[in-house]
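Reader: I would like a close look at one part of this protein. Please keep it brisk and stay with what the model shows.

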Amino acid sequence: MSGLPNCPKCKSEYTYEDGSNYVCPECAHEWSKDAGEAVEQARVWKDANGNVLQDGDSVTVIKDLKIKGSSSVVKVGTKVKNIRLIDGDHDIDCKIDGIGAMQLKSEFVKKA
């Protein structure tokens, strides 16, 4: 219909042009028009069971996690809502009730 490419990250067909870039309104991914078919492979985050994680998912902690620099512990079974995936060693950015903002490793959570 529109002739615009689908989003390489989430495969959405609702992309639009913004200057010299294409933008996906569903996942907020931006890529250059000049990139053509040479789009790099999007990173895939997986939980401890191998399920694919996405921004906004809810997860459950599967192991007691000590918080560095504090005497607090994130207990097994703690539910975390509305996660945000980031690049780095700790690849989940979230807020945990009673603790606050922190980062978790995807290997210590399972998708709820």
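This is a predicted model: local features need pLDDT of at least 70, side-chain atom pairs count only at pLDDT 80 or more; totals for chains, interfaces and linings use all residues.

Author: R84 forms a salt bridge with D93. The closest N and O atoms of that pair are 2.6 Å apart.

Now take the strands. Strand β10 covers residues 84-85. Two bridges join β10 to β11, and the two strands run antiparallel. L85 stands opposite I92 in β11. Six residues lie between the strands of this hairpin. One of the hairpin's residues, G88, takes a positive phi near 135°.

Next, β11 itself. This strand spans residues 92-96, and its side chains alternate. I92, C94 and I96 point to one face and are buried.

G100 in β12 is the bridge partner of I96. Three residues lie between the strands in the hairpin of β11 and β12. There G98 takes a positive phi near 85°.

Back to the charges. The structure holds five salt bridges. One of them joins the side chains of D87 and R43, at 3.4 Å from N to O. D87 lies in the loop between β10 and β11, and R43 lies in the loop between β3 (30-32) and β4 (45-46), so the pair ties together parts that are 44 residues apart in sequence. D87 is exposed, with a relative accessible area of 62%. R43 is partly exposed, at 41%.

Another salt bridge joins the side chains of K111 and D57, at 3.5 Å from N to O. This pair links distant parts of the chain, 54 residues apart. K111 is in strand β13, residues 109-111. D57 is in the loop between β5 (52-53) and β6 (59-61). K111 is partly exposed, with a relative accessible area of 36%. D57 is buried, because its relative accessible area is 14% and the buried class lies under 20%. There is also a network: salt bridges that share partners join R43, D87 and D91.

Notes:
Residues are numbered from 1 along each chain as its sequence is written. Side-chain values use heavy atoms; hydrogens and water are left out. Buried means under 20% relative accessible area, exposed over 50%, partly exposed in between (1.4 Å probe, protein chains only). Helices (H or I, at least four residues) and strands (E, at least two) are DSSP runs, numbered from the N terminus. Two strands pair if DSSP finds at least two bridges between them. A salt bridge is a side-chain nitrogen of Lys or Arg within 4 Å of a carboxyl oxygen of Asp or Glu.
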